[in-house]
Every structure is written in structure tokens, then in C-alpha cells.
Amino acid sequence: MENQKKKSKRFVSLRLKWAFGTALGSLIIFFIVTLAMFTSFTQNLFRQERSLLNQGMTNISQQLVKNNGPLTRRSIDRVVDPENDHSLVSGADYRRPVIKELSDGHLIVNIYNPQGKNLLSTGKADVKQSLVNERQVQLYRGTNHRILVGHMPIYSEKSRQVIGYLQVENNLNSYTQSYSQLRLVCIMALCLVVLASGLLGYFLSYFLLRPMSDIHDTVKVISKDPTKEIRVPTINRNDEMSELIDMFNEMLDRMQRYIDQQSQFVSDVSHELRTPVAIIQGHLEMLQRWGKDDPQVLDDSLNASLVETKRMKNLVQEMLELSRAEQVEINFRNQHTVVNDVVHQVFNNFKMLYPEFTFTLDDDVDEKITANIYRDHLEQVLVILCDNAVKYSNDRKEIHLTLSRGMNTVEIGVQDFGEGIAPEDAKRVFDRFYRVDKARSRKKGGNGLGLSIAQRLVEGYHGQISLESSLGAGSLFKVVLPIIDDPEE
Ligand code: ADP
């Protein structure tokens with residue numbers, strides 16, 4: 001169900017999403033900026049046109065108010081064409097603006113008498129006359145586009161009577177032209193920016209996300225067969241992607257190690273369990289055939305089977321301890337133990353348990369040393385080492401323990417003078433189930449897990465365990481643990 005849902009979702013490449021995102025982002029930003037610029041520019045332009053119209057109206061009306069009675073065609077002619085009548089005009093300054101406004105291309109001037117009859121028109125008016133009481137400037141719908149129209153009554157300067165009406169139209173041709181041109185430029189620039197940023201986003205993501213396809217291929221192969229030795233090719237870049245690839249490869253290595261360890265563990269365990277199970281089975285078969293009636297065989301077989309079950313029980317117990325030892329870092333943080341006490345306790349216990357052995361403890365430390373380790377685990381490590389020392393000692397039954405302090409560490413040594421370990425075996429004694437002499441070690445009850453448990457415990461607490469040994473002369477195991485300077489913290 002869940003899978004079906006996942007599959008029904010359409011696959012959209014990250015590259016496309018990236019390109020779309022960049023294009024959309026730049027579209028929004030560019031749109032806002034352009035809109036702001038466009039609006040302020042066109043508003044400015046419109047304001048200029050409006051003030052031109054107002055100026056025109058003021059200039060014309062100033063000339064006309066000088067008339068006493070209602071405006072007539074003649075009185076207007078005197079203003080418009082003063083060359084033919086000098087009586088009204090006292091200076092050249094008055095005339096120039098009127099002629100200029102009337103002859104100006106984008107203003108259409110209409111003058112009406114008080115009854116609304118047209119007295120002068122410099123062009124065809126788009127808007128009907130309107131006899132208003134006060135000055136008004138409004139936008140009207142023209143034939144092609146909007147136009148700006150101003151209406152005003154003209155009062156005589158002397159009599160304060162309405163002597164006519166003035167209507168001035170600004171057809172806003174140049175404004176509309178600039179407006180459309182600017183709009184076209186903005187739209188084209190917008191398209192160009194969106195296209196360019198989309199393409200740039202696409203190619204950038206193509207370049208940056210190229211390793212993704214390598215990761216994808218590797219994951220596909222690994223998910224089919226997790227044991228495949230395939231890794232993502234590393235890239236020569238210093239960014240998140242190269243970091244991700246490195247981390248991914250490291251994770252694959254770790255996973256591989258876990259898988260190997262797991263299968264190795266299963267094969268080791270089954271191998272270890274096979275012998276006792278086979279022995280028990282052999283005895284049971286023997287009992288079934290003849291043992292029922294022969295008390296001697298019955299007794300021997302039961303005893304042998306019991307020994308093997310005990311061994312199996314130990315083995316299972318040790319395997320459990322091993323798996324717990326692998327998790328000390330998670331389960332036993334911030335455990336403080338006084339090392340001196342544990343060493344002394346183990347030393348005393350062994351002295352009591354094996355009176356035939358000579359145990360010596362060489363303790364160089366005066367003060368109490370605290371290490372970050374769970375007490376039972378430190379004891380377990382020392383017991384494993386001392387047990388081995390006892391087990392693998394021959395004629396010279398002497399075991400030597402040492403306790404000393406380094407800069408930030410505490411060192412515990414367990415030395416015996418027994419059979420020793422050859423250098424080629426010394427490398428492997430910490431491996432799971434490794435025994436130098438399988439048969440002899442088995443006889444002594446060893447499963448080859450003791451040292452692996454000890455090593456995992458010590459390393460789990462960031463310590464080290466090492467071995468110095470020579471065949472026939474004995475072995476020295478050293479455990480080094482970091483010290484906590486202020487245990488109260
Ligand atoms: P086991 O339970 O068999 O003793 P360990 O992991 O403790 O398993 O030890 C692994 C092997 O290392 C042993 O089988 C033994 O051969 C060797 N070994 C360990 N300790 C000593 C020692 N003190 N002297 C000689 N050989 C040792």
C-alpha cells in the first residue's frame with residue numbers, strides 16, 4: 001500500500017526543481033524591483049503631464065480673465081492673435097504663453113461662452129464640454145487610451161461674473177507611448193532573467209549534483225548484494241557533496257565489516273557448538289543401543305554429556321558477555337572505579353584460590369587512582385588475565401601483578417612464567433575463539449573468548465591491552481586505562 005503510494009508519485013528530477021526554484025525566485029525578486037521602478041517612473045511621468053495641463057490652464061485663464069463682459073470670438077482673437085489688436089495687450093509677456101499653449105501639440109484647448117457655445121477650439125475634443133463651477137482635472141476614457149481633461153469656469157477679474165468656460169485636454173500620447181515602451185522592456189527583461197536564471201540553475205545543479213547519480217548507482221548495487229565491494233567514486237571537491245561521499249563510503253565499509261563479523265561470528269559459534277553437540281549425540285546413541293542395560297556405559301555417557309553441556313553453558317555465557325562487552329560505550333558511561341582497590345581485591349582472591357601459586361603485587365602508587373570503568377568490568381578483565389596466567393603456567397608457579405601510574409593513565413600488568421606465546425600467535429590471541437593449542441586449551445575448559453572479552457571491555461573504556469611474550473619463558477599482559485583527575489566532577 002505504502003509502496004504503491006510511493007510509486008504513484010511522479011518522479012521529478014532535482015535538477016528541474018532546482019532550475020524551477022531559481023527561476024521562480026528571480027521572477028519574484030525581479031518582478032517586485034521592476035514593479036517598484038516602473039510605478040515610480042510612470043507616476044513621475046504622469047505627474048509631469050498633469051502639471052503641464054494645470055500650467056496650460058492657468059496661463060490661458062490668466063489671459064482671459066482680463067475681459068470685462070462675457071467672452072466672444074473677437075475678445076478671444078485678441079488674446080490669441082494680438083498682432084491684429086494691440087488695445088488689450090500692454091506687454092509682449094502676456095501673449096507668448098497663450099500662443100504657446102494653444103499651439104502645443106498635446107494640449108487641445110476649447111473655450112466656451114457662458115451659454116456653452118464653443119468660441120475657440122485648437123483640435124477635436126474627445127470629451128464633451130461641461131460647465132463646472134470650479135476647476136477640475138480628471139481622467140477620461142479616450143478613443144485609444146485614457147486622457148487627462150481639465151475644466152474650469154472663467155471669472156472676470158473686475159466684475160467677478162462667469163465670462164466663459166475653459167476645457168483643456170491632454171491626450172497623454174507621449175506618456176502612453178513611454179508607458180507601453182517601458183512595459184515592453186520590463187516584460188522582455190523579466191522573461192530574459194527568468195530564462196537565464198532557470199538555465200543557470202539547471203546547469204549549476206547538473207554540475208553540483210552529478211555525483212548523486214554515482215551514489216544512486218552504488219546504492220542500487222549494494223541493496224541488491226550488500227557484500228559487493230563497490231564504492232562511490234570520490235570527487236576532487238571540497239564541499240558537502242564530497243563530504244557526503246566520504247561519509248557514505250565509510251558507512252559502507254563499516255557495514256561491510258559488521259556483515260563480515262556477523263557471518264564470521266555465526267560460523268565460529270556453530271563451529272564451536274558442533275563438537276559438544278556431536279559428543280552428546282554420540283553418547284545418547286550409544287546409550288540407546290547398549291547403555292540402557294550396562295550401568296557402566298550409562299554412567300560414563302551421562303558424565304561425559306554433562307561435561308559437554310556445562311561447556312556449552314559456559315560458551316553461551318561467554319558469548320553473551322562478549323556481546324555485552326561490545327556495548328559498554330553505550331551502556332556504561334561515567335562509571336568511576338578506584339583501580340587500586342580492585343587490583344588488591346583480585347590479587348587477594350587469587351592468592352586464596354590458588355595456594356600452590358606464588359602471587360606478588362608490585363604497587364608503586366601511593367594515592368587512589370580513579371578510572372572511568374565499571375568496577376565489575378575491571379574485575380572481569382583482571383580475572384580473565386589471572387585465570388589465563390594460572391591456566392598456562394607450567395612448573396614455575398609464579399604470577400606477578402604490577403600497578404603503576406603514567407601521565408594520565410594507570411597501568412596494570414599480569415605476568416606469568418609459563419608456556420608463553422609465539423609471535424605469530426600473539427597477534428591473534430585477542431581474536432574470537434582463537435586458541436594456540438585447540439585441544440589443550442579445550443581440555444583446560446577454554447573457549448578462546450576470554451581475551452576477546454577483555455580487549456573489548458578495555459577498548460570500550462578507551463583503554464589499551466597489549467601482550468609481550470616469548471615462547472617457553474612466559475607472558476606479560478598490560479592494561480592501560482585513562483585516569484579521571486577529579487572524580488567529583
Ligand atoms: P581461553 O579461554 O582459551 O583461554 P583466551 O581468549 O583467554 O581463551 O585465550 C586465547 C588463547 O591465548 C588461549 O587459548 C591460549 O592459547 C593463549 N593464552 C592466553 N593467555 C595465555 C598465557 N598467559 N600464556 C600462554 N598462552 C596464553
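1. Let me begin with Ile222, which touches Lys228, Ile230, Arg231, Leu252 and Met255, leaving out residues up to four places away in sequence; contact here means heavy atoms within 4.5 Å. Ile222 sits in helix α6, residues 210–224. Helices (H or I, at least four residues) and strands (E, at least two) are DSSP runs, numbered from the N terminus. At 8% relative accessibility, Ile222 counts as buried, where buried is under 20% relative accessible area, exposed over 50% and partly exposed in between, with a 1.4 Å probe and protein chains only. Between Ile222 and Ser40 there are 61 Å in space, C-alpha to C-alpha, and 182 residues in sequence.

2. A word on what you are looking at. This is a predicted model, in which local features need pLDDT of at least 70 and side-chain atom pairs count only at pLDDT 80 or more, while totals for chains, interfaces and linings use all residues. Residues are numbered from 1 along each chain as its sequence is written, and side-chain values use heavy atoms, with hydrogens and water left out.

3. Now the overall form. The protein chain contains 14 helices and twelve strands. Its radius of gyration is 52 Å, well over the 23 Å from the globule rule for 489 residues, so the chain is more spread out than a compact globule. That radius is taken over C-alpha atoms, and the rule is 2.2 Å times the number of residues to the power 0.38. Along the principal axes, the C-alpha atoms fill a box of roughly 160 × 65 × 40 Å.

4. How much of the chain is buried? Of the 489 residues, 36% are buried. The protein chain exposes about 30,200 Å², with carbon and sulfur atoms supplying 55% of that area; accessible areas come from the Shrake-Rupley method with a 1.4 Å probe, and for residues only the protein chains shown count as cover. Among contacts between residues at least 6 apart in sequence, 66% join residues at least 24 apart.

5. Which helix deserves a look for its burial? I would pick α14, residues 450–460: nine of its eleven residues are buried, so this helix is largely enclosed by the rest of the structure. The buried residues include Leu451, Ile453, Leu457 and Val458. Their cover includes the helices α8 (295–325), α9 (328–331) and α11 (375–391), along with β11 (464–470) and β12 (474–482). After α14 comes His462, with a positive phi near 60°.

6. Two further residues have a positive phi. Most residues other than glycine have a negative phi. Leu172, in the loop between β5 (162–170) and α5 (173–208), has a phi near 55° and is buried at a relative accessible area of 2%. Phe433 has a positive phi of about 60°; this residue lies in the loop between α12 (423–426) and α13 (438–443) and counts as buried at 5% relative accessibility.

7. Thr337 belongs to strand β6, residues 336–338, and is buried with a relative accessible area of 4%. Setting aside residues up to four places away in sequence, Thr337 touches Val342, Ile369, Thr370, Ala371, Ile373, Tyr374, Arg375 and Leu378.

8. Phe357 is in the loop between α10 (339–353) and β7 (358–363), and is buried with a relative accessible area of 7%. Beyond its neighbours within four places in sequence, Phe357 is in contact with Val390, Ser393, Lys397, Glu398 and Ile399. Phe357 and Asp300 are 57 residues apart in sequence and 33 Å apart in space, C-alpha to C-alpha.

9. Finally, the cysteines. The structure holds zero disulfides, a disulfide being a pair of cysteine sulfur atoms within 2.5 Å. Cys186 is buried at 18% relative accessibility, and Cys386 is buried with a relative accessible area of 1%.
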